[in-house]
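I opened a notebook for a structure that was new to me. These entries keep what I looked up, in short form.

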Amino acid sequence: MIGKITSGLSTRHLIGYLYGPGKANEHTDPHLVASWDGFAPDPGRTHDTRAAKKQLAQALDLRVNQARQQGRDTKRHVWHCSIRAAPEDRHLSDEEWATIAHRVITATGIAPDGDPDGCRWVAVRHADDHIHIAATTVRGDLRNEKHWNDYLTTDHELAAVEKDYDLHRVVRGDRTAAKRPTRAEQEKAHRTGHTHTARERLRTTVRTAVAAAASTEEFIRLLNGTEGVLVEVQRFPSGDIRGYKVALTEDTNAAGDPVWFSGSKLAPDLSFPKVHERLSATDATEPNGKPHPWHQATAAAERIPSHLEQNDDNASQAHLAALGEALDALPLVAPASLRPKLLQAATAFERATRSLIRPDHQRSRALRGAVRSMLREPAPKGGAGLAMFLDAALLAVIAAVRWHEKRHHQQQAHAARQALAPLQAAYDEAARAPLVSLANRKPPRATTGRHAEIIRRTLPEHADKILNSRDWHALATVLSDAKATGHDPARLLKQASDQRALEDARYPARVLIWRIERMGQRPAPSTRARAAQARSTAATRHTPRPEATAPASISTQRPASRPRR
């Protein structure tokens with residue numbers, strides 16, 4: 001159930017609407033289901049509807065008029081709450097709707113049970129799936145009822161109603177969601193032939209600029225360079241940026257002026273202070289002398305599931321925000337055929353990047369900096385770089401779903417789940433050509449057999465799934481390429497599987513392909529380094545285990561962090 005609360009100035013106008021035909025003749029059989037005393041006149045059950053509506057409005061306004069006679073302030077005295085059931089819910093009876101209205105009016109403090117001075121109210125039903133509660137917020141003692149936090153208390157009570165009546169459970173948020181377009185904005189978009197409203201289109205534009213910028217100055221410069229977008233920057237007397245607002249050149253009001261949106265009106269994390277905070281925690285890494293930026297970004301994304309397992313929610317929230325920025329940036333560098341899917345995934349995941357947990361953006365500098373460098377460096381040829389990053393991003397989004405679910409972030413978990421399908425579709429398309437190219441270079445049968453034995457020995461729990469998958473020949477090719485450059489295939493397989501368990505992977509062979517492809521491009525360890533590693537491993541095996549005196553919580557605890565490979 002969803003409740004929507006507004007306030008107004010005229011009781012008579014609201015009663016006229018509730019008992020009228022509606023804007024599109026959608027009101028059928030309007031009638032009263034409950035009232036403050038159970039004896040309020042019902043215009044829907046009398047022949048003289050006009051007189052009954054006037055009588056009902058006068059009864060509701062009785063205390064309002066008395067307060068006015070005493071010189072009290074009664075502005076916006078009308079409280080209006082519409083309550084709508086989900087389309088899949090059963091039709092509730094008038095008696096059930098009456099009980100729900102009583103519960104809401106009590107929870108909000110409009111008319112608590114047992115309070116003779118509670119406000120006057122009525123509940124009107126003119127459709128199968130919803131009711132309207134109309135109340136005047138002047139009490140019997142002529143004081144104004146403040147009804148603080150009425151939206152939250154109504155939402156909490158409706159959640160309890162859903163449980164008690166076995167109705168559809170609405171996914172509820174924490175007031176960190178971006179503001180939804182108004183009905184007027186939606187109708188305007190429809191009239192002008194746009195699928196999305198100006199607010200939504202600007203939100204996407206600004207998020208993309210944040211993802212691509214390495215500083216606030218570059219952020220403003222990117223917005224100014226976006227075709228069809230107007231930007232107005234507010235500054236302090238010192239010249240420093242205080243805020244910004246954006247508009248579409250084609251979106252104007254009745255006077256022909258642009259319709260402006262500040263960053264905070266687009267989304268809570270797009271206000272200038274929030275953008276400045278994120279961009280101040282960005283290191284644009286230079287590719288010279290370092291791994292390719294696409295490989296750096298992939299490595300940072302692969303570490304996100306591990307970060308989310310730690311007991312640092314502020315750092316985890318920052319990593320999710322950085323992942324959202326990476327998804328926002330991908331349409332800028334992806335092939336045209338993939339952009340709609342990637343944009344859909346980024347738009348869906350946007351809600352998963354915010355919660356009431358304050359992000360510590362300093363902890364996610366690695367991914368944020370790698371993404372900026374990635375945008376300035378061409379992707380590796382053949383599409384393998386994009387497929388590699390999308391593979392890591394998929395596992396990170398799956399981990400985000402679990403992280404939000406564990407913290408009861410219903411909207412965020414739902415948003416992350418919504419992002420999986422388009423992201424998986426984009427990955428499947430991006431990976432198709434590189435995988436075919438690798439499979440076409442499959443090694444001889446004898447070599448493939450040796451690699452298969454290594455798989456069974458190193459990853460026995462996943463061996464059958466890997467060896468029977470259509471990606472096995474591509475994996476065998478990658479292992480052969482790594483061996484040709486001096487790497488040990490068994491060691492690479494172990495390292496690749498240790499980076500992150502393969503249980504979440506839809507295609508574990510593909511996960512191993514991209515990880516080994518990336519690790520295989522690093523210089524192979526020297527003979528001396530391999531000998532040192534072997535001595536270290538042998539020493540570890542021969543070290544006697546300590547007696548089991550440590551607490552069980554320590555012996556079963558995951559390591560705080562894994563070494564970077």
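The entries below go from the whole chain to single residues.

**Ground rules.** I am reading a predicted model, in which local features need pLDDT of at least 70, side-chain atom pairs count only at pLDDT 80 or more, and totals for chains, interfaces and linings use all residues. Residues are numbered from 1 along each chain as its sequence is written, and side-chain values use heavy atoms, with hydrogens and water left out.

**Overall.** I looked up the secondary structure and found 24 helices and 8 strands. Helices (H or I, at least four residues) and strands (E, at least two) are DSSP runs, numbered from the N terminus. The C-alpha trace spans about 95 × 60 × 45 Å along its principal axes. The protein has 565 residues, and 47% of them count as buried. Buried means under 20% relative accessible area, exposed over 50%, and partly exposed in between, with a 1.4 Å probe and protein chains only. I then checked contacts, meaning heavy atoms within 4.5 Å. Among those between residues at least 6 apart in sequence, 73% join residues at least 24 apart.

**Aromatic pair.** How many aromatic pairs does a search of the whole structure find? It finds 1. The ring centres of Phe219 and Tyr244 are 5.3 Å apart and the planes stand at 85°, so this pair is edge-to-face. My cut-offs: rings of Phe, Tyr and Trp (its six-membered ring) pair if their centres lie within 6.5 Å; planes under 30 degrees apart are stacked, over 60 edge-to-face, and the rest tilted. Phe219 belongs to helix α8 (residues 216–224) and Tyr244 to strand β7 (residues 241–248), so the pair ties together parts 25 residues apart in sequence. Both Phe219 and Tyr244 are buried.

**Around Tyr507.** I looked at charges over the ring of Tyr507. A charge sits over a ring if NZ of Lys or CZ of Arg is within 6 Å of the ring centre and within 35 degrees of the ring normal. The charged end of Arg470 sits over the Tyr507 ring, 5.8 Å from its centre. Arg510 also lies over the face of Tyr507, at 4.4 Å from the ring centre. Gln424, in helix α17, touches Tyr507 too, along with Leu394 and Arg506, leaving aside neighbours within four places in sequence. Gln424 counts as buried because its relative accessibility is 14%.

**Arg120.** I found Arg120 in strand β4 (residues 120–125). A polar atom of the Arg120 side chain lies 2.8 Å from the backbone oxygen of Ala59. Beyond four places in sequence, Arg120 touches residues including Trp36, Leu62 and Thr136.

**Val64.** Val64 is in helix α3 (residues 62–69). Val64 counts as buried because its relative accessibility is 0%. Beyond four places in sequence, its contacts are Thr74, His77, Thr136 and Val138.

**Positive phi.** His147 has phi near 40°, positive in a residue other than glycine. His147 lies in the loop between β5 (130–136) and α5 (150–164). His408 has phi near 60°, also positive. The loop between α16 (384–406) and α17 (410–439) holds His408. With 68% relative accessibility, His408 counts as exposed.

Note on methods. A polar contact is a pair of N or O atoms within 3.5 Å; within protein, one must be able to donate a hydrogen and the other to accept it, and residues adjacent in sequence count only if both atoms are side-chain atoms.
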